[in-house]
Amino acid sequence: MKIVVCINHVPDTETKVKVGTDGKTIDKAGVNYMLNPYDEFAIEAALQLKEKFGGETLVMSLGGDAHKETLRKALAMGIEKAILLKDDSIRDSYSIAKALAEEIRTLSADCILFGKQSIDYYNEEIPGLVAEFLGLPSVSVVVRININNGKVICEREIEGGHEVVETKIPLVMAAQKGLNEPRYPSLKGIMAAKTKPIEERQAATASSYVEVLTMHKPPPKQPGKIIGTDVNAVPELIRLLREEAKVL
Amino acid sequence: MMKFQGVDYYNIESLLSEEEILARSTIREFVDDNVIPIIEKHNRAGTYPMDLVPKMAELGLFGSTLPAKYGCAEMNNVAYGLVMQELERGDSGVRSFASVQSALVMYPIYTFGSEQQKDYWLPKLASGDKIGCFGLTEPDYGSNPAGMITHANEKGNCYVLNGAKMWITNGTLADVAVVWAKLNGVIHGFLVEKGRKGFSAPEMTGKHSLRASVTSELIFQDCEIPKENILPKTEGLKSPLMCLNQARYGIAWGAVGSAMACYDTALNYAKSRIQFGKPIASFQMIQEKLVYMVTEITKAQLLCLQIGRLKDRGKLKYQQVSMAKRNNVHHALEIARMAREILGANGILDEYPVMRHMANLESVKTYEGTHEMHTLIVGEDITGIPAYV
């Protein structure tokens, strides 16, 4: 089985993001980056599929040289090869998906795995777009994968429950938390990753249709107000919840 | 809870390689997920979290600088040091476990052992299937190990060991002990497996420090071991001191981890604790303490990185390791005490890690060469005059 995992290099969840001077990108100074957390589930799923069915695993990312750090982590976890689609320009989801799809088309993969979303822009579009460009079935928010003779049964998370769907390989799947418990890269894996190849290719050009005009932070949280400390405060509290906060 | 972000005031990360950073980040995450949530419970109970052993082995934390053919990661010494730092950010006991297994058991077997001993023991110790301990210190011989009483006598195809060791980390847990004893008046290393007749390893209790770590006595009463259990390349006190030097190197890094945990706790506490209508971090006396802490952590990090680079080039003198161990543990302990002061009464609770680190560091300051002995080692090195007696 040939498994491709597409991963992203995103600001650390603990980073306090500031808007840059251009007003439409983030200020990258002092920002730590990490492997997109949902992509860890996709990598673990790929490793488990390989352990079960044999074959090869490959990880791919589109972006600048900084993405190599994240690709290296995937290699340290056990993925065998990496491709960096080099591109420093700003692209929308459509354009990124198009470039990924062009590369994946040449790889004759059986499974193409993603995290269900990147935690930077939260567009949640790329897995579906890539599947569409490649004409493949796509299953999102996957929490269980069962492959048997080319038949794929997936469990998906839906509002308030789970849904079981059936499709076949080749396909695109987008991993949700709960699919598995991602392994840590072992020290041996980290050393082995040093000698694994990261192949650099030029990302295919593609148009973008969505442009970011501005970015701004949500208004700062208002300080709390203490109305009183006993039962006498309740009527005033209710009045404020009704008239000021307008939540009742 | 906020994920630990590290302490890096001088952008020391820019001096690290990609794999050194990845090793550090991985163990940092492992400690956040697996050590921090359970460590206070074990510290209270006075138990080592044995569940961690297979996980630590899986990550490659045992003997991580030794060759791949024994199942080890073959990392450089800076990566090893960063791993020790992150483990001790969790707890000194957890770092001690990895230190003993790596520097005091696998290192002597690798350095002084026969091919058969290496092939048999190293893979099992790397995989965590077997646990080791190191017996040098005796009840009456601590800083002066040359005076040790434990001795071996030849008897046919055996050596017969008699004597007692004390303060032995992992002693009760160990499947194999690297024991130092005099044979015809010269110190040699011997491998003693658990279960040998005449060998017992009772646990020492009543510790106020390193509670999440097993500390034991090793008692040998006419304990017979086959002659092939001697570590053939050991001769004299230099051999165990070479092992201690490995362990001290890891301790110098580990102390930085403890100090980081205390500083991070104190900084966050000082920014959120309100007194007199403002955060206590706005008071000059608190800021002075925090600045001392971050300055000493930064200096300690730089000492560690440089001894690591020297070690990787084969240029490290043992006296330089003494300086780093002496300095870093001393300041880590001062930092832990200051953190406790900043936290006020809350500092004594095990809701916060600082008092545990402080108590642990009292042991760390004394073990693997006391603070005072390291002073004399560096003192001799710079003056040419030994002042031990």
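Guide: A salt bridge here is a side-chain nitrogen of Lys or Arg within 4 Å of a carboxyl oxygen of Asp or Glu. The model is predicted, so local features need pLDDT of at least 70 and side-chain atom pairs count only at pLDDT 80 or more, while totals for chains, interfaces and linings use all residues. Side-chain values use heavy atoms, without hydrogens and water, residues are numbered from 1 along each chain as its sequence is written, and chains are lettered from A in the order in which they are written.

Visitor: Why is the pair Lys194(A) and Glu19(B) called a salt bridge?

Guide: The closest N and O atoms are 3.0 Å apart. The rule asks for a Lys or Arg nitrogen within 4 Å of an Asp or Glu oxygen, so the pair qualifies.

Visitor: What makes that pair a link between two chains?

Guide: Lys194(A) lies in the loop between α5 and β11 (198-202) of chain A, and Glu19(B) lies in helix α1 (residues 18-45) of chain B, so the pair joins two chains. Helices (H or I, at least four residues) and strands (E, at least two) are DSSP runs, numbered from the N terminus.

Visitor: Why is the pair Lys3(B) and Asp12(A) called a salt bridge?

Guide: The N to O distance is 3.5 Å. The limit is 4 Å, so this pair passes too. Across the interface of chain A and chain B the rule finds 4 salt bridges. Over all chains the count is 40.

Visitor: How do you know how many residues of chain A and chain B are in contact?

Guide: Contact means heavy atoms within 4.5 Å. By that test, 18 residues of chain A touch 24 residues of chain B.

Visitor: What makes up the area buried between chain A and chain B?

Guide: Buried area is the accessible area (1.4 Å probe) that two parts lose on being put together, summed over both. Here the value is about 1800 Å², and carbon and sulfur atoms give 61% of it. In chain A, Glu14(A), Tyr184(A) and Leu187(A) lose the most area to chain B, together 41% of what that side buries.

Visitor: How do you know the angle at which α1(A) and α2(A) cross?

Guide: Axes are lines fitted to C-alpha atoms, for helices over the stretch in contact, and angles run from 0 to 180 degrees between N-to-C directions. The axes of α1 (residues 37-53) and α2 of chain A come within 10 Å and cross at roughly 35°.

Visitor: Which residues meet there?

Guide: Glu40(A), Ile43(A) and Leu47(A) of α1(A) meet Lys73(A), Ala74(A) and Met77(A) of α2(A).
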